[in-house]
Amino acid sequence: MGTAAVIAREIAPGNPDFITLNLQVGPIPVMRKDHLYIMKQNQPEFGPVYPPEDLARVLSIDAKEIETGAPVQWVSTGLPTVIVPLKRREVLSRICINRNEYEDFIERMGKVAISIYCKEPIHRHNHLHVRVLTSCFGVEEDPATGSSGGCLAAYLVRHKVMGASVIEDVRVEQGYSLQRPSLLFLSASDQDGGKIDVHVGGSVIFVAKGELI
């Protein structure tokens, strides 16, 4: 979404409201609606379900803190992500990667982001609080992750985490542990266990500009 915003504002003629990004995972359309950039993501793939103990060791938490109503699962709409549901935000806030366990997990399962969420947001008007750990991609933690947000949206409707197979503008807060709070809007619909349409939206704030000379 940030890339699309920069292209629309600084590169593409006429500051268009629609841009297609040609990425490694294929063409990704992004449209601007009011103040939001909304990305339509690829059809999700659902992969292995992991024992809670596996991720508990990686995250240095007690496995009992992992929610049992939804699985710990690999999902990808382009960026492979393991989704981990937690019961309490307090536990999410004190997660610390166990390097040996993490490296062993990545070696066995391949490079993945780890998206940990709970239904205990900081702000009452939001729905979920999320952290996304991306150490194997060169960044310890991402403050706003549109790609993993799409994986989470697909997961939420497949497992009816929000009580339905359709969600619209689920408000996800992220980045608070980095003092870079962000807000993503997730929408998705599960067509009877088949095709899942996934959209992720958010506003973009320009913080710097430079020139090569």
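The questions and answers below concern a predicted model.

User: Which element gives the largest share of the lining of the largest pocket?

Analyst: The largest pocket of this predicted model has a volume of about 1200 Å³, and 36 residues line it, with Met1, Gly2, Ala144, Thr145 and Gly146 lying nearest its centre. Two or more lining residues come from each of α1, β1 (18-23), β3 (36-40), β9 (139-142), α5 (146-158) and β11 (182-190). By class the lining divides into 19 nonpolar, 15 polar and two charged residues. The largest share, four residues, is supplied by β11.

User: How many charged residues are in the lining of the second largest pocket?

Analyst: The second largest pocket holds about 290 Å³ of space, and among the 13 residues that line it, Lys33, Leu36, Ile38, Asp169 and Ser187 are the closest to its centre. At least two lining residues come from each of β2 (26-33), β3, β10 (166-174), β11 and β12 (196-202), and the largest share, three residues, belongs to β12. Sorted by class, this lining has five nonpolar and four polar residues, and the number of charged residues is four.

User: Which element gives the largest share of the lining of the largest cavity?

Analyst: With a cut-off of 30 Å³ or more, the count comes to one cavity, and about 50 Å³ of space lies in the largest cavity. Its lining includes Ser115, Val130, Val132, Thr145 and Gln174, and the elements that give two or more residues to it are β8 (128-134), α5, β10 and β11. The lining divides into six nonpolar, five polar and no charged residues. The largest share, three residues, comes from α5.

User: How many residues apart in sequence are the parts tied together by the pair of lysine 209 and glutamate 10?

Analyst: The side chains of lysine 209 and glutamate 10 meet in a salt bridge, at 3.5 Å from N to O. Lysine 209 is exposed, with a relative accessible area of 71%, whereas glutamate 10 counts as partly exposed at 39% relative accessibility. Since lysine 209 lies in the segment after β12 and glutamate 10 in helix α1, the pair ties together parts whose separation in sequence is 199 residues.

User: Which helix holds arginine 57, the partner of glutamate 101?

Analyst: Glutamate 101 and arginine 57 form a salt bridge in which the closest N and O atoms are 3.7 Å apart. Both count as partly exposed, glutamate 101 at 28% relative accessibility and arginine 57 at 40%. The pair links distant parts of the chain, 44 residues apart, with glutamate 101 in helix α4 (residues 99-109) and arginine 57 in helix α2 (residues 52-59).

User: How many residues apart are arginine 108 and aspartate 104 in their helix?

Analyst: The side chains of arginine 108 and aspartate 104 meet in a salt bridge at 3.0 Å from N to O. Arginine 108 is partly exposed, with a relative accessible area of 43%, and aspartate 104 counts as partly exposed at 35%. Both lie in helix α4, about one turn of the helix apart, and their separation is four residues.

Key
Residues are numbered from 1 along each chain as its sequence is written. This is a predicted model: local features need pLDDT of at least 70, side-chain atom pairs count only at pLDDT 80 or more; totals for chains, interfaces and linings use all residues. Side-chain values use heavy atoms; hydrogens and water are left out. On a 1 Å grid over the protein atoms alone, a cavity is a set of points where a 1.4 Å probe fits but cannot get out, and a pocket is an open set with protein on both sides within 12 Å along at least five of seven lines; lining residues have an atom within 4 Å of a point. Grid points are joined across faces, edges and corners, and a volume is the space filled by probe spheres set on the points. Ala, Val, Leu, Ile, Met, Phe, Trp, Tyr, Cys and Pro count as nonpolar, Asp, Glu, Lys and Arg as charged, and the others, Gly among them, as polar. A salt bridge is a side-chain nitrogen of Lys or Arg within 4 Å of a carboxyl oxygen of Asp or Glu. Buried means under 20% relative accessible area, exposed over 50%, partly exposed in between (1.4 Å probe, protein chains only).
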